[in-house]
Amino acid sequence: MAGIYIHIPFCKQACHYCDFHFSTSLKHKDRMLTAILAELQMRKHEINESVETIYFGGGTPSLLSVSEINTIVDHVYDLFEVAPNPEITLEANPDDLTSEKIIALSQTKINRLSIGVQSIFDEDLKLMNRAHTATESIKNLKTAIQYFKNISVDLIYGIPNMSLQNWDQNIQFMIDLEIPHISCYALTVEPKTALDKLIKKGTIDPTDDKQAHQHFLHLIDKLKNNGYEHYEMSNFSKANFHSKNNSAYWLGKKYLGIGPSAHSYDGKNRSWNISNNLIYINKIEANQPAFEIEQLTKNDRYNEYIMTGLRTIWGVDLLIIEQNFGPNYKNYLLNEAQPFVEKKQLEIENNILKTTRDGKFFSDGISASLFKVD
């Protein structure tokens, strides 16, 4: 099974923390959507198996009309073999989700909403320069759960001056609504973002790693106690509500990325589209590829398996390491992992290397320490 990711590179306004590719100008939206349809046609030969997931990301895909979304989904169905009951996700901002639009979306093939709530407190939303208010989030979430069974909500922790009590209220609100999937991310300061500049000017307080760690530990304990499985570093779900799209990335399945900045993976090679809207459009209109491609080395594939494995409940299978990469890689991994095992941040059980509760927050840094460099 494979997946298709469609990047919609438009937003109403720029969130202070975001370093994804997007534009706040809709000037070229119609040409962009036509180019996306054309790229699907150009690259249909890259997927020769059933498509299990279709994911609209961005940017802000919920800026599109229901008709525009339907056109893209129908085009995917025309070009590819789509599996029965695929997971079709639309990322959405609360300010785009009127009651009428939620109802209209529920009548399309979209069967999963991923809603970027981030916080139910207006002071947090203002600090991050989100386009919606807490009232809009609450109102539209309560409507969405009436029409969609499969809903995911994004929350952000480690926001400057966010108390543990407020963070707990964010989590509890989603538990009380019985949201089946919750994705939670630490607020990170990416270079050259507005957040980076505002912190350097002293306009916003810097983020606090200790506070973020405290929020994270509270998060994993509270959701575990309320029946959620912590199946990936940032993702928690009730039974049978794992994100099929995201799980495919972590398990190394093939996926095709469409739209500017979108990434693709065919099992051996990784490619990424140009992160420039006009150049992307012009190349597609000229029937030219809009991507660069990289053949992954043995070390690249090993490193990716380590990075994705340690972020998930499935961990890193030492037998797979030995079978796919050889005994030298397995011995290297065990040797490099030993200090983290001694610090009780990693553990080995039934030939599976995993992060412990205390190690989960540091999984990306731990993974980097285990990498092999060409």
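What is the volume of the second largest pocket? In this predicted model, in which local features need pLDDT of at least 70, side-chain atom pairs count only at pLDDT 80 or more, and totals for chains, interfaces and linings use all residues, the second largest pocket has a volume of about 250 Å³. Residues are numbered from 1 along each chain as its sequence is written, and side-chain values use heavy atoms, with hydrogens and water left out.

A pocket is an open set of points on a 1 Å grid over the protein atoms alone, where a 1.4 Å probe fits, with protein on both sides within 12 Å along at least five of seven lines; lining residues have an atom within 4 Å of a point. Grid points are joined across faces, edges and corners, and the volume is the space filled by probe spheres set on the points. The lining of the second largest pocket consists of Ile220, Asp221, Lys224, Tyr228, Glu229, His230, Thr312, Ile313, Lys354, Thr355, Arg357 and Lys360. Two or more of these residues come from each of helix 8 (209-225), strand 7 (229-232) and strand 15 (352-355), where helices (H or I, at least four residues) and strands (E, at least two) are DSSP runs numbered from the N terminus. Helix 8 makes the largest contribution, with three residues.

The chain as a whole contains 14 helices and 15 strands. Its radius of gyration is 21 Å, close to the 21 Å that the globule rule gives for 374 residues, so the chain is as compact as a globular protein of that length. The radius is taken over C-alpha atoms, and the rule is 2.2 Å times the number of residues to the power 0.38. The C-alpha trace spans about 55 × 50 × 45 Å along its principal axes. Of the 374 residues, 53% count as buried (under 20% relative accessible area, with exposed over 50% and partly exposed in between; 1.4 Å probe, protein chains only).

Strand 15, which contributes to the pocket lining, also belongs to an open three-stranded sheet with the order 13-15-14 and antiparallel pairing. Strand 13 (316-317) and strand 14 (346-349) stand at the edges with a single partner strand each, so one side of each is left without a neighbour in the sheet. Two strands pair if DSSP finds at least two bridges between them; strands 13 and 15 pair over two bridges, and valine 316 stands opposite leucine 353. The loop between strand 14 and strand 15 holds asparagine 350. Asparagine 350 is a residue other than glycine with a positive phi, near 55°, and is exposed at 70% relative accessibility.

Strand 5 (residues 150-157) pairs with strand 6 (residues 181-186) in the parallel sense over six bridges, with isoleucine 182 as the bridge partner of valine 153. Together with helix 6 (residues 164-176), strands 5 and 6 make a right-handed β-α-β unit; right-handed denotes a path from the first strand over the helix to the second that runs clockwise with the strands pointing away from the viewer. Glutamate 178 lies in the loop between helix 6 and strand 6. Its phi is positive, near 60°, and its relative accessible area of 64% makes it exposed. Strand 6 also pairs with strand 8 (residues 235-237), in the antiparallel sense over three bridges; here asparagine 235 is the bridge partner of serine 183.

Strand 11 (residues 269-273) has four of its five residues buried. Antiparallel pairing joins strand 11 to strand 10 (residues 263-265) over three bridges and to strand 12 (residues 291-295) over five bridges. Serine 264 has serine 271 as its bridge partner, and tryptophan 272 has glutamate 292. Strands 10 and 11 form a hairpin with three residues between them, and glycine 267 in the turn has a positive phi of about 100°. Lysine 268 is placed in the loop between these strands and is exposed, at 61% relative accessible area. The C-alpha atoms of lysine 268 and threonine 297 are separated by 8.6 Å, although the residues are 29 apart along the chain.

A cis peptide bond, with omega near 15°, runs from glycine 58 to glycine 59. Glycine 59 is located in the loop between strand 2 (51-58) and helix 2 (66-79).
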